[in-house]
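Here is a short briefing on a protein fold. Keep the sequence and the coordinates open while reading.

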Amino acid sequence: MRRALQLAEQGRGYVEPNPLVGAVVVRDGKVVGEGWHQAFGGPHAEVRAFAQAGAAATGATLYVTLEPCCHHGKTPPCTDAVIKAGITRVVAALEDPFPHVAGRGAVLLRAAGIGVEFGLCEPEARRQNAPYLKLLGAGRPYVHAKWAMSLDGKIATRTGESKWISNDTSRRRVHELRGRMDGILVGIGTALADDPLLTARPLGPRVATRVVLDSHARLPATAQLACTARDVPTLVVVSACAEESVLAQVGCEVIALAADADGRPDIMKLLDELGRRRWTNLLVEGGAGVLGRFFDLGLVDEIHAFIAPKVIGGSAKTAVVGLGIQRLVDGDRWRIEAIENLDGDAYVLCVRKGN
């Protein structure tokens, strides 16, 4: 099963909104076939593993990270392929909560005389497919928060200089992260101050839509985000009371949302809309106020912090503002999943407990 999880990981960024799935066929203690879901709309992991195994799949055990599907979607049901291959036992890490499956795959396989077991490496499989499970369970994308900061938590000097706190290796990692996102979000303050492109360079498996929270439609048509909107999708989120702008004319999609109590576009309603669009992963890059709003509302699922060995001090901005927590115990919602040395910078990956 651990090998199946390794295989499944190769589909990250390519298969969403489908889940990551890996499969291994074992007969007489030997691996005879492997496969993973490689692209949205393409053959599923089981089918690829059976193609490699051939006749050796007869009488074998299938280890798969997710319950085989039993419905016609972009591909035929995997349960049919399992039965046709002659598999006698299926070991799956997770039941698939997708409404058209949700245990029905196991029912069909058992009715065909195939043994089915669940739970092997379930925590690892659940973590691997946390974005997929979030989209199905909450109807919203999985939210990643990212920032680069100094050792004392500053994202710029007191004069506003921020390029570059992190090093080249850290920035390459950020571009890799962007390349597997459905969307990259910033506030209008960051858009105006930095005039960013918010693209992955080089390109990754996905082209993320740039999202700007812009209550009063202040993003100028001359901004890089607007100028490149016909080449890279750009979504400008305004308040319902915002005056019309020329942004739509230059290729931006402009959507108006009801305002929250502070007169800003309601983030909860935005995430609901992105969920309806089947976005699976959203990267929130700032600024500090926007990140604070996401944290205050409990909407962040994963943190990517890049920490440079610099001390800035003074009255410089911190990475996250907003209301913040009142008690330290309220901040105990995270676990560190990985710490990596990126040529002198520290990359810290934190995941919300329960994911």
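Predicted model: local features only at pLDDT ≥ 70, side-chain atom pairs only at ≥ 80, totals over all residues.

Residues are numbered from 1 along each chain as its sequence is written, and side-chain values use heavy atoms, with hydrogens and water left out. Helices (H or I, at least four residues) and strands (E, at least two) are DSSP runs, numbered from the N terminus.

- An open sheet holds nine strands in the order 10-9-8-7-11-6-12-14-13, and its pairing is mixed. Two strands count as paired if DSSP finds at least two bridges between them.
- Strand 10 (253-257) and strand 13 (334-342) are the edges; each has a single partner strand, so one side of each has no neighbour in the sheet.
- From one strand to the next, the twist averages 20°. Axes are lines fitted to C-alpha atoms, for helices over the stretch in contact, and angles run from 0 to 180 degrees between N-to-C directions.
- Helix 10 (residues 267-276) packs on this sheet. Helix 10 touches strand 6, strand 7 (183-187), strand 8 (209-213), strand 9 (234-239), strand 10 and strand 11. The direction of helix 10 makes about 130° with that of strand 10.
- Strand 6 (residues 142-149) and strand 12 (residues 302-307) run parallel, joined by six bridges. Met149 has Ile307 as its bridge partner in strand 12.

**Asn281 in strand 11**

- Asn281 belongs to strand 11 (residues 281-286).
- Its relative accessibility is 2%, so Asn281 counts as buried. Buried means under 20% relative accessible area, exposed over 50%, and partly exposed in between (1.4 Å probe, protein chains only).
- Leaving aside residues up to four places away in sequence, Asn281 touches Glu16, Pro131, Pro141, Tyr142, His144, Arg180, Met181, Asp182 and Gly183. Contact means heavy atoms within 4.5 Å.

- Strand 3 (residues 61-66) has six of its six residues buried, so it is largely enclosed by the rest of the structure.
- Strand 1 (residues 22-27) pairs with strand 3 in the antiparallel sense over four bridges. Val25 stands opposite Leu62 in strand 3.
- Strand 3 and strand 4 run parallel and share five bridges. The bridge partner of Leu62 in strand 4 is Val90.

- Leu7 sits in helix 1 (residues 2-9) and is buried, at a relative accessible area of 2%.
- Beyond residues up to four places away in sequence, Leu7 touches Gly22, Ala23, Val24, Glu34, Gly35 and Trp36.
- Helix 4 (residues 104-111) has Gly105, Ala106 and Leu109 as its buried residues. Down the axis of helix 4, they fall within an arc of 95°, so they line one face. The arc is that of the directions from the helix axis to the C-beta atoms.
- The buried residues of helix 4 pack against helix 3 (78-85), strand 4 (89-94) and strand 5 (115-118).
- Val107 and Ala111 are exposed on the other side of helix 4. Just after helix 4, Gly113 takes a positive phi of about 90°.

**Cysteines**

- The whole structure has zero disulfides, a disulfide being a pair of cysteine sulfur atoms within 2.5 Å.
- Cys69 is buried, with a relative accessible area of 6%. Its sulfur lies 3.7 Å from the closest cysteine sulfur, in Cys78, too far for a bond.
- Cys70 counts as buried at 16% relative accessibility.

**Aromatic pairs**

- There are three aromatic pairs. Rings of Phe, Tyr and Trp (its six-membered ring) pair if their centres lie within 6.5 Å; planes under 30 degrees apart count as stacked, over 60 as edge-to-face and the rest as tilted.
- Trp147 and Phe295 have ring centres 6.1 Å apart and planes at 65°, so the pair is edge-to-face.
- Phe306 and Tyr347 have ring centres 4.8 Å apart and planes at 20°, so this pair is stacked.
- Ring pairs link Trp147, Phe295 and Trp334 into a cluster.
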